[in-house]
Amino acid sequence: MSAGMTVPILNASGCLDALTAPEVATSLDAFVTKTVTPLPREGNTPPRIAETDHWMLNSIGLQNPGIDVFSTEVLPRLRALGIPLWVSVGGFSAADYRLVCERLDELDGVEVIELNLSCPNVEEAPETVSELVAASRLATDKPLYAKLSPASWDIAELARAVAAAGVDGLSLVNTVRGLALESETLRPRLALGPGGASGPALKPIALACVFACASAVDLPIVGMGGVMSGRDALDLVAAGASAVSLGTVLFADPAAAGRVRGELASEARSRGYRSAAEIRGVAHGSALLSRTSSEQAT
């Protein structure tokens with residue numbers, strides 16, 4: 001990779017509302033929306049967020065206004081921010097994914113569609129992830145990224161499957177299923193019981209998934225999970241990520257994008273690299289000097 005390349009910093013879907021915190025969104029290299037479904041969803045019953053040691057649990061349940069309102073009211077306001085937009089897409093069947101992707105394909109300002117194939121807080125579609133990707137691929141020519149679950153027994157094989165079905169990149173990883181209990185009642189702290197666990201403790205799991213998928217497929221990877229610092233981001237890049245997303249850290253440190261970007265650059269320079277992008281894949285024994293690049297992530 002050339003010396004001028006950088007590692008883009010994004011947000012993990014659902015961890016930032018760009019319209020209520022535009023100054024945070026514009027500090028990113030691209031903004032990823034909350035997941036959009038065909039019909040509006042109110043989400044799960046509260047309480048649906050709980051903090052534990054090293055983790056945050058959430059059970060939001062894909063709350064969103066639906067593709068109609070998103071297209072006519074939300075997207076124009078997001079475009080006005082002047083930053084690259086990724087739209088996260090979800091559903092409960094291949095037809096749902098196809099419908100939303102068809103609508104997004106017609107809209108200007110949507111640079112990438114991220115397929116949420118792994119939300120732990122809602123019922124899953126009956127089709128395989130490959131079938132969901134194939135239906136989405138037929139509906140749009142826009143770049144498709146598949147967001148995969150770290151709970152997959154063989155995530156490398158899953159990456160090969162979605163690559164064969166037509167994705168242009170991977171987002172790794174989504175949350176893992178977790179449970180927290182109240183200290184007095186010993187009842188679940190979330191209304192629905194388990195939720196998606198994110199936070200610093202997710203980092204080793206994310207690293208393992210990025211490492212495995214980078215070995216399996218020749219696609220750009222957005223690494224996420226437990227990123228709190230530039231060193232965390234550096235580790236994901238070394239494992240094979242070409243971009244990094246910030247999640248839970250944004251709740252505690254809204255200015256994290258600038259800080260992590262600076263720390264990442266400093267970590268790379270301290271190791272003798274001209275840019276963090278040059279470190280991509282060094283955990284595999286050598287940099288991943290292939291057709292994938294950090295620039296493809298935006």
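**Entry 1, ground rules.** I worked from a predicted model, in which local features need pLDDT of at least 70 and side-chain atom pairs count only at pLDDT 80 or more, while totals for chains, interfaces and linings use all residues. Residues are numbered from 1 along each chain as its sequence is written, and side-chain values use heavy atoms, with hydrogens and water left out.

**Entry 2, the open sheet.** I looked up an open sheet of four strands and noted the order E3-E4-E10-E9, with antiparallel pairing. Strand E3 (49-52) and strand E9 (176-178) are at the edges with a single partner strand each, so one side of each has no neighbour in the sheet. On average, neighbouring strands here are turned by 35° against each other, direction ignored. Such angles are taken between axes, which are lines fitted to C-alpha atoms (for helices over the stretch in contact), and run from 0 to 180 degrees between N-to-C directions. Strands are DSSP runs of E with at least two residues, helices are runs of H or I with at least four, and both are numbered from the N terminus. Two strands pair if DSSP finds at least two bridges between them.

I then followed E9 to strand E10 (residues 195-198): three bridges join them, antiparallel. Arg177 has Gly196 in E10 as its bridge partner.

Leu179 lies in the loop between E9 and E10. Together with Leu181 and Leu186, Leu179 makes a nonpolar surface patch of about 310 Å². Patch residues have over 30% relative accessible area and no salt bridge; like charges are joined within 9 Å, and nonpolar side chains (Val, Leu, Ile, Met, Phe, Trp, Tyr) within 5 Å. Accessible areas come from the Shrake-Rupley method with a 1.4 Å probe, and for residues only the protein chains shown count as cover.

I found strand E7 (residues 144-147) paired with E8 in the parallel sense over three bridges. Ala146 stands opposite Leu170 in E8. Which way do the side chains of E8 (residues 169-172) point? Gly169 and Ser171 point one way, Leu170 and Leu172 the other, and all are buried. Buried means under 20% relative accessible area, exposed over 50%, and partly exposed in between (1.4 Å probe, protein chains only).

I counted zero disulfides, a disulfide being a pair of cysteine sulfur atoms within 2.5 Å. The closest cysteine sulfur to that of Cys209 is in Cys213, 6.5 Å away, too far for a bond. Cys209 is buried at 6% relative accessible area, and Cys101 is buried at 0%.

The structure holds eleven salt bridges, each a side-chain nitrogen of Lys or Arg within 4 Å of a carboxyl oxygen of Asp or Glu. I looked up three of them, starting with Glu157 and Arg160, whose closest N and O atoms are 3.1 Å apart. These two are three residues apart in helix H5 (residues 155-165), so about one helical turn separates them. Glu157 is partly exposed at 42%, as is Arg160 at 40%.

Asp253 and Arg259 form another, at 2.9 Å between the closest N and O atoms. In the bridge of Glu278 with Arg274 the closest N and O atoms are 2.8 Å apart; Glu278 is buried at 14%, whereas Arg274 is exposed at 61%. I also noted that salt bridges with shared partners join Lys203, Arg231, Asp232 and Asp235 into one network.
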